[in-house]
Amino acid sequence: MRLLKVATCNLNQWAMDFDCNLNNIKESITRAKEAGAAIRLGPELEIPGYGCEDHFLELDTVTHAWECLKEILLGDWTDGILCSIGMPVIKGSERYNCQVLCFNRKIVMIRPKMWLANDGNYRELRWFTAWKQKDQLVDFQLPHEISEALSQKSVPFGYGYIQFLDTAVAAEICEELFTPCPPHAELALNGVEVFMNASGSHHQLRKLDLRLRAFIGATHTRGGVYMYSNHQGCDGGRLYFDGCSCVVVNGEVVAQGSQFSLRDVEVVVAQVDLDAVASLRGSISSFQEQASCKTIVSSVAVPYNLCQPFNLKMSLSSPLKIKYHSAEEEIAFGPGCWLWDYLRRSGASGFLLPLSGGADSSSVAAIVGCMCQLVVKEIANGDEQVKADAIRIGNYSDGQFPTDSREFAKRIFYTVFMGSENSSEATKMRAKTLADEIGSWHLDVCIDSVVSALLSLFQTLTGKRPRYKVDGGSNVENLGLQNIQARIRMVLAFMLASLLPWVHNKRGFYLVLGSSNVDEGLRGYLTKYDCSSADINPIGSISKQDLRMFLRWAATHLGYSSLADIEAAPPTAELEPIRSNYSQLDEVDMGMTYEELSVYIWKIVENFPLRSCINVQESVLQMG
């Protein structure tokens, strides 16, 4: 038996934070070596961070990436372990997205990405060039400072694999797996047994199954060990990268990392038997026939054994049941983890949410409550980084730290019910009850005096005073009166977010949270510059139907029982007067039910896949 221990990882990298990213990479290599791994795989572009966007066009970004790589290679990090490290590389006048394969303080080869992700959220062709020379490896002259430090002038560059004495290993970068003719198919015929996929894949509801099926399919009919590494967390942009690093052997998952986590570094280790790969390939006649007439792929020889001989004390990693989260759990954990990353790195002191007592704003409140629960749980599990961030953001005294999610929420989460004469007592009580369950600092504000002042100003200017439709006004008057209320709430929310920290002797500011779901956004059922206009909209890509399922789930699993009543209540904006014979309802205003609206939305999603669970505004603009 040829036993090989491999390690892949989820890393919470931050765009352009080279020091933090380098420390995470070093920590992951250290843990991999401590576990006895012979291969360590990191995510795509892990040194600068995946979301650098136009910073990739700056020479400094590439220079700093080389400096970080040099620091890794000058230490003992790569001694006895093959490390695949993601970074941008400039060759000639072209910039490439590369995996740099390092071993024993040397660069063995540089593998540029051949097929770039350039749809949906991805714009890699804006920053990188796809490598097109598949027939050979070329010589790449290392930058002078790197060459001098490593005593290595050049390195093979291009499409190929590394041939060790006892196995062959190759890289396949993210999007390449999902192309019609993925590289691993040709590489398998050339004898490659271990595939390393470095990825930057974002979270999307119900997407994980598609990803895992691709890994399983890659090795089910042609054999092999497929390693997958991904970013995890918010790296500064709108996306949440959902980790789930894993190892698949001959079509079976033998190791799987978390999909949602607050940890900066998570290493997933598996012990595999490469003879099982050879055995499967030998039993498939069609594989043997195609391998006999394969196209030869270039390789780099490394005279070193990666595998260990059979030992009775060693146990192989067994196939395991794949861990899938329900859609409700994804809605809770994905945006919750993203919010924590954004909060701890933004300099803000917390969040402020206009809480109406309706389904949408209550969903956002529940997500923040879930975030607080995750923080307290991770601190209890011994995560010192989460603890340090929570102490700083929560403004705790020496020796104190969060032990209760409600107490922590009181420090970092403000909710505001901005009622008017059109608000019902029921929604006011629902908002207060939910705020109490979560633990937020709750304010009850009446905006009638501000609305009246604006209407009086308008009457002074024009000599007219608008009326609601139920009071005999026109549609124009009715809509204008509703918009005034909605927009006043946005202005008040941002004023409170900027001044409440000063009131409570805190530094920084609060981030304003919006609560507009994707159905209403694409339907156009919203007021511009109302409470849907915020710093962050955590539910911007989630449908109303999914949010209602989430509310029912959260009422039980998060412990916020009032959410059941909120979900059951008819959706209403409460911007028109309540009369004995009239009560405003969202579905009546839209001219369709949310169930009917969801049918339209799914048709749009089929043609224009939505972004992550964070923000819909760009998607709305793109879809027209």
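This report walks through a predicted model, from its overall build down to a few single residues.

## Ground rules

Local features here need pLDDT of at least 70 and side-chain atom pairs count only at pLDDT 80 or more, while totals for chains, interfaces and linings use all residues. Residues are numbered from 1 along each chain as its sequence is written, and side-chain values use heavy atoms, with hydrogens and water left out.

## The whole protein

Let's start with the big picture. The protein has 21 helices and 20 strands; these are DSSP runs numbered from the N terminus, with helices (H or I) of at least four residues and strands (E) of at least two. Its radius of gyration is 28 Å, close to the 25 Å that the globule rule gives for 624 residues, so the protein is as compact as a globular protein of that length. (That radius is taken over C-alpha atoms, and the rule is 2.2 Å times the number of residues to the power 0.38.) Along the principal axes, the C-alpha atoms fill a box of roughly 90 × 55 × 50 Å.

Buried residues make up 57% of the 624. Buried means under 20% relative accessible area, exposed means over 50%, and partly exposed is in between, using a 1.4 Å probe and protein chains only. As for contacts (heavy atoms within 4.5 Å), take those between residues at least 6 apart in sequence: 74% of them join residues at least 24 apart.

## The annotated domain

UniProt, in an unreviewed entry, places "domain: CN hydrolase" at residues 4–274. UniProt positions follow the numbering used here, feature names are shortened, and annotations may be inferred rather than shown by experiment. The span is 24% helix and 32% strand, and its end C-alpha atoms lie 7 Å apart.

Met16 has a phi of about 75° and sits in the loop between strand E1 (3–11) and helix H1 (18–34). Leu45, with a phi of about 50°, is in the loop between strand E2 (39–41) and helix H2 (59–74). Met16 counts as partly exposed because its relative accessibility is 28%, whereas Leu45, at 0%, counts as buried.

## A four-stranded sheet

Further along, four strands make an open, parallel sheet in the order E19-E18-E17-E20. Strands E19 (441–446) and E20 (510–512) stand at the edges with a single partner strand each, so one side of each has no neighbour in the sheet. From one strand to the next, the twist averages 25°.

Strands count as paired if DSSP finds at least two bridges between them; E17 (residues 350–354) and E18 (residues 413–419) run parallel and are joined by four. In that pair, Leu353 stands opposite Thr415 in E18.

## Around the sheet

Helix H13 (residues 425–438) lies across E18 and E19, at about 175° to E18. Axes are lines fitted to C-alpha atoms, for helices over the stretch in contact, and angles run from 0 to 180 degrees between N-to-C directions. Helix H14 (residues 448–462) has 15 residues and should span 21 Å at 1.5 Å a residue, which agrees with the 21 Å between its end C-alpha atoms. (The expected span is 1.5 Å times one less than the number of residues.) Gly463, with a positive phi near 80°, follows H14.

Finally, Ser349 is in the loop between helix H9 (327–346) and E17. Ser349 is buried, with a relative accessible area of 7%. Leaving out residues up to four places away in sequence, Ser349 touches several residues, including Leu343, Ile393, Arg411 and Tyr510.
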